[in-house]
Number of protein chains: 2
Amino acid sequence: MARVVVDVMPKQEILDPQGQAVAGALPRLGFQGVTSIRQGKHFELEVDDSVDDATLGRIAETLLANPVIEDWAIRREQS
Amino acid sequence: MARVVVDVMPKQEILDPQGQAVAGALPRLGFQGVTSIRQGKHFELEVDDSVDDATLGRIAETLLANPVIEDWAIRREQS
(Lines give C-alpha, C1' and ligand atoms only; values in the text may rest on other atoms or scores of the structure.)
Protein backbone atom coordinates (compact mmCIF):
# COMPACT_ATOMS: atom_id res chain seq x y z
CA MET A 1 0.00 0.00 0.00
CA ALA A 2 1.41 3.34 -1.01
CA ARG A 3 0.32 6.88 -0.37
CA VAL A 4 0.23 9.13 -3.41
CA VAL A 5 -0.35 12.87 -3.54
CA VAL A 6 -1.56 14.63 -6.67
CA ASP A 7 -1.57 18.43 -6.79
CA VAL A 8 -3.61 20.01 -9.57
CA MET A 9 -3.14 23.69 -10.38
CA PRO A 10 -4.57 26.01 -13.04
CA LYS A 11 -1.98 26.64 -15.74
CA GLN A 12 -0.07 29.89 -15.40
CA GLU A 13 -1.87 31.52 -18.33
CA ILE A 14 -5.31 30.58 -16.97
CA LEU A 15 -7.16 33.05 -14.77
CA ASP A 16 -7.63 31.82 -11.21
CA PRO A 17 -10.63 33.67 -9.76
CA GLN A 18 -10.60 31.68 -6.52
CA GLY A 19 -7.00 32.60 -5.85
CA GLN A 20 -7.66 36.21 -6.80
CA ALA A 21 -10.58 36.36 -4.36
CA VAL A 22 -8.38 35.10 -1.54
CA ALA A 23 -5.59 37.49 -2.50
CA GLY A 24 -8.05 40.37 -2.49
CA ALA A 25 -9.38 39.47 0.94
CA LEU A 26 -5.99 39.37 2.66
CA PRO A 27 -5.34 43.14 2.89
CA ARG A 28 -8.91 43.70 4.09
CA LEU A 29 -8.20 41.26 6.93
CA GLY A 30 -4.99 43.04 7.81
CA PHE A 31 -2.48 40.67 6.24
CA GLN A 32 0.26 42.37 4.24
CA GLY A 33 3.10 40.95 2.21
CA VAL A 34 1.36 38.24 0.18
CA THR A 35 1.95 39.09 -3.46
CA SER A 36 0.24 36.17 -5.18
CA ILE A 37 -2.06 33.27 -4.38
CA ARG A 38 -3.16 30.54 -6.71
CA GLN A 39 -5.62 27.85 -5.67
CA GLY A 40 -5.75 24.31 -6.92
CA LYS A 41 -6.76 20.86 -5.79
CA HIS A 42 -4.95 18.40 -3.58
CA PHE A 43 -5.69 14.68 -3.75
CA GLU A 44 -4.46 12.03 -1.34
CA LEU A 45 -4.73 8.48 -2.68
CA GLU A 46 -4.10 5.12 -1.06
CA VAL A 47 -3.08 2.72 -3.80
CA ASP A 48 -1.93 -0.89 -4.00
CA ASP A 49 1.74 -1.42 -4.72
CA SER A 50 0.67 -2.90 -8.07
CA VAL A 51 -0.35 0.55 -9.32
CA ASP A 52 2.58 1.93 -11.30
CA ASP A 53 3.50 5.47 -12.17
CA ALA A 54 2.07 5.22 -15.69
CA THR A 55 -1.31 4.23 -14.28
CA LEU A 56 -1.17 7.08 -11.78
CA GLY A 57 -0.45 9.43 -14.66
CA ARG A 58 -3.50 8.22 -16.55
CA ILE A 59 -5.67 8.56 -13.45
CA ALA A 60 -4.50 12.13 -12.92
CA GLU A 61 -4.94 13.03 -16.59
CA THR A 62 -8.39 11.54 -17.07
CA LEU A 63 -10.08 12.06 -13.73
CA LEU A 64 -8.27 14.43 -11.39
CA ALA A 65 -7.16 17.19 -13.74
CA ASN A 66 -8.42 18.86 -16.89
CA PRO A 67 -5.31 18.83 -19.10
CA VAL A 68 -6.56 21.76 -21.17
CA ILE A 69 -6.43 24.21 -18.29
CA GLU A 70 -4.60 22.47 -15.46
CA ASP A 71 -1.16 21.12 -14.67
CA TRP A 72 -0.59 18.38 -12.12
CA ALA A 73 2.22 16.90 -10.10
CA ILE A 74 2.27 13.36 -8.73
CA ARG A 75 4.47 12.23 -5.86
CA ARG A 76 4.66 9.12 -3.73
CA GLU A 77 4.97 9.70 -0.01
CA GLN A 78 6.59 7.54 2.63
CA SER A 79 3.83 5.60 4.39
CA MET B 1 10.32 36.52 -1.66
CA ALA B 2 9.38 33.04 -0.56
CA ARG B 3 7.10 30.42 -1.98
CA VAL B 4 4.70 28.85 0.48
CA VAL B 5 2.39 25.90 -0.07
CA VAL B 6 -0.70 25.30 2.06
CA ASP B 7 -2.59 22.03 1.73
CA VAL B 8 -6.08 21.95 3.22
CA MET B 9 -7.83 18.60 3.73
CA PRO B 10 -11.15 17.60 5.28
CA LYS B 11 -10.58 16.11 8.72
CA GLN B 12 -10.54 12.31 8.82
CA GLU B 13 -13.93 12.10 10.54
CA ILE B 14 -15.56 14.43 7.99
CA LEU B 15 -17.27 12.92 4.97
CA ASP B 16 -15.57 13.80 1.70
CA PRO B 17 -18.18 13.47 -1.07
CA GLN B 18 -15.84 14.83 -3.75
CA GLY B 19 -13.23 12.23 -2.97
CA GLN B 20 -15.87 9.51 -2.81
CA ALA B 21 -17.18 10.51 -6.22
CA VAL B 22 -13.70 10.24 -7.72
CA ALA B 23 -13.09 6.92 -5.97
CA GLY B 24 -16.39 5.60 -7.32
CA ALA B 25 -15.55 6.63 -10.87
CA LEU B 26 -12.16 4.89 -11.00
CA PRO B 27 -13.40 1.28 -11.37
CA ARG B 28 -15.92 2.37 -13.99
CA LEU B 29 -13.02 3.84 -15.99
CA GLY B 30 -11.03 0.63 -15.65
CA PHE B 31 -8.60 1.67 -12.92
CA GLN B 32 -8.15 -0.91 -10.16
CA GLY B 33 -6.11 -0.82 -6.99
CA VAL B 34 -6.98 2.60 -5.58
CA THR B 35 -8.46 2.01 -2.14
CA SER B 36 -9.07 5.56 -0.98
CA ILE B 37 -9.12 9.10 -2.32
CA ARG B 38 -9.62 12.28 -0.37
CA GLN B 39 -9.79 15.67 -2.03
CA GLY B 40 -8.70 18.95 -0.55
CA LYS B 41 -7.35 22.30 -1.60
CA HIS B 42 -3.84 23.32 -2.57
CA PHE B 43 -2.70 26.94 -2.29
CA GLU B 44 0.53 28.37 -3.67
CA LEU B 45 1.47 31.73 -2.17
CA GLU B 46 4.25 34.16 -2.98
CA VAL B 47 5.06 36.06 0.19
CA ASP B 48 7.61 38.66 1.25
CA ASP B 49 10.39 37.42 3.48
CA SER B 50 8.90 39.59 6.23
CA VAL B 51 5.93 37.23 6.55
CA ASP B 52 6.72 34.85 9.39
CA ASP B 53 5.34 31.42 10.17
CA ALA B 54 2.90 32.73 12.78
CA THR B 55 1.35 35.06 10.21
CA LEU B 56 1.12 32.26 7.69
CA GLY B 57 -0.65 30.18 10.32
CA ARG B 58 -3.21 32.92 10.91
CA ILE B 59 -3.75 33.33 7.15
CA ALA B 60 -4.36 29.59 6.77
CA GLU B 61 -6.64 29.43 9.78
CA THR B 62 -8.78 32.45 8.97
CA LEU B 63 -8.94 32.44 5.19
CA LEU B 64 -7.73 29.25 3.56
CA ALA B 65 -9.19 26.57 5.83
CA ASN B 66 -12.28 26.09 7.96
CA PRO B 67 -10.76 24.86 11.24
CA VAL B 68 -14.01 23.16 12.27
CA ILE B 69 -13.92 20.63 9.45
CA GLU B 70 -10.48 20.95 7.85
CA ASP B 71 -6.84 20.36 8.71
CA TRP B 72 -4.02 22.19 6.97
CA ALA B 73 -0.30 21.89 6.47
CA ILE B 74 2.03 24.78 5.66
CA ARG B 75 5.46 24.38 4.10
CA ARG B 76 7.98 26.75 2.61
CA GLU B 77 9.48 25.67 -0.69
CA GLN B 78 12.86 26.50 -2.17
CA SER B 79 12.40 29.34 -4.64
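**Figure 1. Salt bridges in the predicted model.** Over all chains, the structure holds 15 salt bridges, a salt bridge being a side-chain nitrogen of Lys or Arg within 4 Å of a carboxyl oxygen of Asp or Glu. Side chains of opposite charge can pair when their charged atoms come close. In one such pair, A:E44 forms a salt bridge with A:R3, and their closest N and O atoms are 2.8 Å apart. This pair links distant parts of the chain, since A:E44 lies in strand β2 of chain A and A:R3 in strand β1 of chain A, 41 residues apart. Helices (H or I, at least four residues) and strands (E, at least two) are DSSP runs, numbered from the N terminus. This is a predicted model in which local features need pLDDT of at least 70 and side-chain atom pairs count only at pLDDT 80 or more, while totals for chains, interfaces and linings use all residues; side-chain values use heavy atoms, without hydrogens and water. Residues are numbered from 1 along each chain as its sequence is written, and chains are lettered from A and ligands numbered from 1 in the order in which they are written.

**Figure 2. The contact between chain A and chain B.** Chain A gives 33 residues to the contact and chain B gives 33 residues, where contact means heavy atoms within 4.5 Å. About 2,700 Å² is buried between the chains, and carbon and sulfur atoms give 66% of this area. Buried area is the accessible area (1.4 Å probe) that two parts lose on being put together, summed over both. A:F31, A:H42 and A:L63 supply 21% of the area that chain A buries against chain B, more than any other three residues. Between chain A and chain B there are zero salt bridges.

**Figure 3. Pairing of the β2 strands.** On the side of chain A that touches chain B, β2(A) gives the most, with 14 residues. Strand β2(A) is joined by 13 bridges to strand β2 (residues 34-47) of chain B, and the two run antiparallel; strands pair if DSSP finds at least two bridges between them. The bridge partner of A:H42 in β2(B) is B:G40.
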